[in-house]
Amino acid sequence: RVAKAEAPKRLPTTNPTMTDPLLLNYHDACVYKSDLQLIESPKEWLNDSCINFQMTRLQQQQQQQKYKRECDGDQLKNDTNHCTNHLFLDPAVVSYMMHQCDDDDLTDLGRSWCSDLQKGRRITTTTNSSSSSSS
């Protein structure tokens, strides 16, 4: 006797924005009501969305400062202490690298970043002590 395969369970088709409304979309860094609740809580950890929002905000600030310096004629070449030499990695990109890239991919990426670091560029990324891909 062969067991019949069960039909896949259907996921709810509700619109996520109805239960968790979008509060802010800043250069594609979205903050939802649940993210704001995390920020306001003294006991909760920040999620990737909260961290990405702050990194995006910092990235935009550095671009505005660079533009202002260029307009003012004050751009200094090889200024390794200035924030325009800073790369902020989206937590989703870091997660993708951890769970999807093989050793060769990571080696190639590391070589590319070594070149940036030798030129004085700083790279900011997030870390997570969990080895699970679900957190």
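## Exercises on a predicted model

In helix H4, which spans residues 91–100, the buried residues include Pro91, Val94 and Met97. Keep in mind that this is a predicted model. Let's work through a few tasks.

**Exercise 1.** Work out how the buried residues of H4 are arranged around its axis.

*Solution.* Start with Pro91, Val94 and Met97, which are buried in H4. Now look down the axis of H4: its buried residues fall within an arc of 120 degrees, so they line one face of the helix. Next, turn to the face pointing away from that buried side, where you'll find the exposed residues Tyr96 and Gln100.

**Exercise 2.** Find the phi values of His27 and Asp28, and say where these residues sit.

*Solution.* First, a bit of background: most residues other than glycine have a negative phi. His27 isn't a glycine, yet its phi is positive, near 50 degrees. Last, check the cover. Exposed means over 50% relative accessible area, so Asp28, with 68%, is exposed, while His27, at 49% relative accessibility, is partly exposed.

**Exercise 3.** Which residues gather in a patch of negative charge on the surface?

*Solution.* The patch brings together Asp102, Asp103, Asp104 and Asp105. Pick out Asp104, which lies in helix H5 (residues 103–118). Its relative accessibility is 55%, so Asp104 counts as exposed.

Terms used
Residues are numbered from 1 along each chain as its sequence is written. This is a predicted model: local features need pLDDT of at least 70, side-chain atom pairs count only at pLDDT 80 or more; totals for chains, interfaces and linings use all residues. Side-chain values use heavy atoms; hydrogens and water are left out. Patches are made of residues with over 30% relative accessible area and no salt bridge: like charges are joined within 9 Å, nonpolar side chains (Val, Leu, Ile, Met, Phe, Trp, Tyr) within 5 Å. Accessible areas come from the Shrake-Rupley method with a 1.4 Å probe; for residues, only the protein chains shown count as cover. A salt bridge is a side-chain nitrogen of Lys or Arg within 4 Å of a carboxyl oxygen of Asp or Glu. Lys and Arg count as positive and Asp and Glu as negative; His and the chain ends are not counted. The place of a charge is taken as NZ of Lys, CZ of Arg, CG of Asp or CD of Glu. Helices (H or I, at least four residues) and strands (E, at least two) are DSSP runs, numbered from the N terminus. Buried means under 20% relative accessible area, exposed over 50%, partly exposed in between (1.4 Å probe, protein chains only). The arc is that of the directions from the helix axis to the C-beta atoms.
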